[in-house]
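Hi,

Here is the structure I promised to pass on. Have a look, and my notes follow below.

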Amino acid sequence: MVADIIINITAKQVQQTFSYTIPDGLSVRIGSRVLVPFGPRREEGIVLAVREERDSDRQYQLKPILALLSSQAGFQEEMIQTAVWISQYYLCGLADALRLFMIEKKGIIRRVYLKTGPVLPVTEEERAVAAYVDVRGKAEKKQVCRQFSADCVEEMVRQHQLDQEDYLQNQIADKMEKWLVFQSDDTTGILKRRPRQAALLAQLKQIRSAPFSYWIGKGYSRDVLLHLCQSGCATMEEKLSHTVDLTHPLEGDVPFRLTEEQQRAVDAVRNDAGGRTYVLHGVTGSGKTEVYMQLTEDVLQKGGQVLVLVPEIALTGQIVRRFIRRFGNDVVVMHSQLSKGERRNNWLRMANGESHICIGARSAVFTAVRSLGLVIVDEEHDSSYKQEEAPRYHAVEVARRRASYYGCPVLLGSATPSIADYYRTQTGQYVLLELTQRVLNRPLPSVQVVDMREELARGNRHVLSDAMTDLLQETLQQKQQAIILLNRRGFSTFVMCRKCGYVVKCDTCDVAMVYHKQQDQLRCHYCDAEKPVPLRCPECGSKYIKFFGTGTEKVEEQLREQFPHARIVRLDQDTTTRKNSGDHIIEAFRRHEYDILLGTQMVAKGHDFADVSAVGILAADSLLNLPAYWAGERTFQLLTQAAGRAGRGTIPGRVVMQTYAPEHYVIQCAERQDYAAFYAQEIQYRKELLYPPFHQILKIVITDENEKALWDTGNTLALLLQNWHTESGSDTAVIGPFVDIIKKVRNKYRIVILLKGPDLTAVKDFIRAQREFWRPGVILDVDSMG
Ligand SMILES: Nc1ncnc2c1ncn2[C@@H]1O[C@H](COP(=O)(O)OP(=O)(O)OP(=O)(O)O)[C@@H](O)[C@H]1O
Ligand SMILES: [Zn+2]
């Protein structure tokens, strides 16, 4: 037998498979991960096909597969199909697409050791490397390269001072935990004089089984647990552990009685026949999560599994908790802070069908499943579902692919569905489900738009308008909470010399640096570089360095001045660098330990706080002027979502929205929280200018440290495309090359070529076959949203 294998390396164009013989006794199947000889090296390969040997194979001496790398975490056929689709649609290597589904990284470690021989280290660094390796006997090559320089290590290998060998990495051990499992009541009376054990047994009887850690958390000692096992009333079992670190899984939770609209939505998906995609357009606070949960319950009853995608785990802990409260141990949560072992455990639990619900952010869409019954995407409009590094996939599209293999429905929920997805409900491609009312007849918040030009004309130079100040005052008096949104972090947004107009820019990026007062540093938001604020203008030497613009740090400072008694907390990238800190801030605010939560778009992410009756939005139009077709859509979504945090409890919500463009249709529609009106205008504009969903966009970004080489590449690619365009008579437009919005990032200049057309399949085929598009520095961004 022969296996066709793709090698797991990041070589841009290595798409082809290689054939190897399967040695007897090795149970290789489609999806297996194996070790194969590849040139002078040994590499990991993924088996895409297994077949009888062909005559043509005999012409070459096929090499045998060396070993099976991981028998458990291999690929299912569906994953391979999906990966093939990803590599074709998003123009990336198949190995790169396959790697998205991998739970364990490459199973190979390369180690180096000293060769005893005549060639001795020459340079100082070589001697240091030799000494380092010597004490260790064998050292991981990556480690040595990191410690010293890769060049030096490679040179020593070439000079035969070092030898290298490949090792199979030890598999990550399965993490197990002990569980206490109920067996019988105390029929013999043995526990009569052991009240702790008796109490434990009574609780255990109710929930049948729970991990040791749960009982210890309830105050039972290990000894009590073990003694109860000795009595025979309970037993101890080892199970694969999984982390649910957000809350305890075992407190019960009862489904709500659905509203009529909720019920209609549930019924529609429940009766799905063809694995369709449903858009659940429900206004903020309309109870979409309850719809998700009741549908999940349905799928579980039938033994199926559910994938639930959320924008960002650290900010959406609440929906995770709701699921855990209701479904307990059937839930696994995938997030970036899991250890390798925990991640693998979760993955295996889903792969084996032990768990039925997987919740996670974008990359959770690649979790293994056994019998997928439903995919749910919450806040489906959120831009975090698009990955902004290669492979640049969109999780919603990937989810739809996977679901179609299993013939199961996909539910996309949002108060502000993406324009493209809503459009598809209008053309009949997707099914629209609507929740037009908030639960319990709660009204949507009332919104007041404040024109900041008038505010200035009246002499108010503060960040907060008078209306905003009044609203906050009243809210605090009523002992309610408020949320303030400003989608710009830092203190001042740029620093300028008043005399000559010099703006301090990043040394390696073409952007103004932002002043962060806490560190008293200027910081680049593109590369994180920092530098001190200059005392004198580097250009003209004047002392008139001034700070302009407002970020969240400055708002915080002003709020503290204006409301000295209010308890204020800030939520943005700078306050959430530590593990779980975002979740801690949000939960503390929920417990009303703070009165005002202020921050960037993070404050607008689906939170359901009962005591928030006021929302203030500063610089509502800050995104509107971006030269991007989606600027209006993003703005509308952000404003509507932010406003929707208000009035979810018993007190009706009020919102103040500050802007310099009150007449703009985006602001006006957001003021009325009128999605339909916004959609009607936006889709018209998209149609006229041929933007998505009418045309697709492929953005080719070319980057280079050398500006001339950059334009040479750009012009070459554009010419290739133009010639293709002429010859094929395609209706795909080739636009550019032109300078990107940000001209330079991390010392690399950036230019863009845009391809725009109703169907880009043909041009993608063309690009795939041209070497020029696959050189380093060329980024192919299909369905670009950047
Ligand atoms: N049928 C129901 N009866 C009473 N309360 C309900 C019902 N369904 C949901 N709720 C409650 O309504 C509140 C809002 O629900 P949820 O957070 O799911 O809103 P949402 O639609 O996701 O809003 P958003 O889009 O703003 O995130 C929650 O506190 C939830 O417990
Ligand atoms: Zn920078």
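Helix α4 is followed by Gly137, which has a positive phi near 80 degrees. (Helices here are DSSP runs of H or I with at least four residues, strands are runs of E with at least two, and both are numbered from the N terminus.) The helix itself covers residues 124-136, and its end C-alpha atoms are 19 Å apart, which agrees with the 18 Å that 13 residues should span at 1.5 Å a residue; the expected span is 1.5 Å times one less than the number of residues.

Bear in mind that this is a predicted model, so local features need pLDDT of at least 70 and side-chain atom pairs count only at pLDDT 80 or more, while totals for chains, interfaces and linings use all residues. Residues are numbered from 1 along each chain as its sequence is written, with chains lettered from A and ligands numbered from 1 in the order in which they are written.

On confidence (pLDDT, the predictor's own for each residue, runs from 0 to 100): the chain has a mean of 89, with 95% of its residues at 70 or more. The stretch to treat with care is 243-250, where pLDDT stays under 50. ipTM is 0.97 and pTM 0.83.

Now the ligand. Ligand 1 is surrounded by 19 residues, and the closest are Phe256, Thr284, Gly287, Lys288 and Thr289; a residue counts as near if its C-beta atom, placed from the backbone, lies within 6 Å. Helix α11 (residues 288-301) gives the most to this shell, with 3 residues.

Then there's an open sheet of 6 strands, all pairing parallel, in the order β19-β29-β28-β20-β27-β26. Pairing takes at least two DSSP bridges between two strands. β19 (446-451) and β26 (568-571) are the edge strands with a single partner each, so one side of each has no neighbour in the sheet. On average, neighbouring strands are turned by 15 degrees against each other, direction ignored; axes are lines fitted to C-alpha atoms, for helices over the stretch in contact, and angles run from 0 to 180 degrees between N-to-C directions. Helix α20 (residues 631-643) packs on the sheet, touching β19, β20 (481-485), β28 and β29, and its direction makes about 150 degrees with that of β28. Contact means C-beta atoms, placed from the backbone, within 7 Å.

The Ala390 to Pro391 peptide bond is cis, with omega near -10 degrees, and Pro391 sits in the loop between β16 (372-377) and α14 (395-406).

Cheers

Methods
Two residues are in contact if their C-beta atoms, placed from the backbone, lie within 7 Å.
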